[in-house]
Amino acid sequence: MLLDIILLFLLGLTFGSFVNAWVWRVKAGKSVATGRSMCPNCKKQLDWYDNIPLVSYILLRGKCRNCKKPISIQYPLVELLSGSLFIGLYLHFNPTQNNTWLEFALWCAATVFLLAAFIYDLKNMLLPDRFTLPVIGIGAILVILNSVENGPASIEPQLIATSIFVAIYFSMWFFSRGRFLGDGDIRMAAVMGLLLAVPQLIVGVFTAYIAGALVGIYLISKKGKKRDSAVPMGPFLIFGIFFGLFLGSQIANWYMGFIRF
Ligand SMILES: [Zn+2]
């Protein structure tokens with residue numbers, strides 16, 4: 001169990017490092033498969049020992065060895081987040097006990113794409129299809145798996161909820177002519193609906209909105225950010241997905257017990 005967690009954390013760190021490089025390359029219009037990692041400032045190629053997730057950042061004290069330019073805190077943070085999410089997924093699915101290896105692996109794959117979408121949207125206010133569409137595919141496989149395991153009737157509520165959720169997002173996009181949200185957010189709504197069962201989905205959506213509102217208020221008050229300046233929605237939806245997955249059922253149960261009483 002402990003060994004599993006340590007190995008998964010290291011795997012998560014590695015994938016986090018990949019996500020950082022991937023986001024950077026997509027933005028720069030480069031292929032992810034070619035060329036080695038380099039410093040974005042002085043363009044010097046990184047030696048392997050300066051490219052170890054988390055460890056190199058700490059050993060280099062957050063500065064490029066060659067030009068001494070500070071390395072963005074994004075790099076170690078994304079690596080840590082990725083490692084932590086892999087552990088979180090493992091504890092949540094408990095695959096050795098529940099024999100949910102396939103679900104667990106699919107969620108790990110989805111996490112890599114979602115992290116890339118999170119960072120990319122935060123920096124560029126855009127959710128590229130190459131990050132969202134694969135997760136729609138993964139979500140569809142998870143829904144099919146669930147239907148095979150628990151019968152077709154078990155996925156009906158989720159498919160209805162997903163359709164309503166996507167329809168609401170489509171309408172908001174359509175009637176605001178893309179001002180309230182981008183068309184990438186519609187695909188992210190589909191991602192959310194396909195990944196989360198109904199109680200988790202509802203908790204996830206509310207969490208995304210509350211987190212979005214809090215951050216919006218904070219930005220307006222602190223940085224004097226103009227009220228109409230846009231904040232990307234994708235990162236909040238992605239935060240809502242993980243919050244809904246990990247805590248959605250517990251919160252829904254607690255709430256239902258609360259109102260029944
Ligand atoms: Zn440099």
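User: Which hand does the crossing of helix 6 and helix 8 have?
Analyst: In this predicted model, the crossing of helix 6 and helix 8 is left-handed, a term that applies if the near helix is turned anticlockwise from the far one by less than a right angle, with right-handed for clockwise. Helices here are DSSP runs (H or I, at least four residues), numbered from the N terminus.

User: And at what angle do helix 6 and helix 8 pack?
Analyst: Helix 6, residues 129–150, packs against helix 8 at about 25°, and their axes are 8 Å apart; the axes are lines fitted to C-alpha atoms over the stretch in contact, and angles run from 0 to 180 degrees between N-to-C directions. Helix 6 and helix 8 are therefore roughly parallel to each other (angles under 35 degrees count as roughly parallel, over 145 as roughly antiparallel, 65 to 115 as roughly perpendicular and the rest as oblique).

User: What kinds of residues make up the contact of helix 6 with helix 8?
Analyst: They divide into 11 nonpolar, 2 polar and 2 charged, where Ala, Val, Leu, Ile, Met, Phe, Trp, Tyr, Cys and Pro count as nonpolar, Asp, Glu, Lys and Arg as charged, and the others, Gly among them, as polar.

User: How about helix 5, at what angle does it pack with helix 8?
Analyst: Helix 5 (residues 101–124) and helix 8 (residues 183–195) pack at about 155° with axes 13 Å apart, which makes helix 5 roughly antiparallel to helix 8. The contact, meaning heavy atoms within 4.5 Å, involves Trp107, Leu114, Ala117 and Asp121 of helix 5 together with Asp185, Met188, Val191 and Leu195 of helix 8.

User: Switching topic, what coordinates the zinc ion?
Analyst: The SG atoms of Cys39, Cys42, Cys64 and Cys67 coordinate the zinc ion at 2.3 Å, donors being N, O and S atoms within 2.8 Å of the metal (3.2 Å for Na, K and Ca), with water not among the atoms. The donor residues are spaced C-x2-C-x21-C-x2-C in sequence.

User: Which geometry does the site of the zinc ion have?
Analyst: The site is tetrahedral, with angles of 105 to 117° among its 4 donor atoms; four donors count as tetrahedral if all angles lie between 85 and 135 degrees.

Notes
Residues are numbered from 1 along each chain as its sequence is written. This is a predicted model: local features need pLDDT of at least 70, side-chain atom pairs count only at pLDDT 80 or more; totals for chains, interfaces and linings use all residues. Side-chain values use heavy atoms; hydrogens and water are left out. Helices (H or I, at least four residues) and strands (E, at least two) are DSSP runs, numbered from the N terminus. Four donors count as tetrahedral if all angles lie between 85 and 135 degrees; four count as square planar and six as octahedral if opposite donors are over 155 degrees apart and all others between 65 and 115; anything else is irregular.
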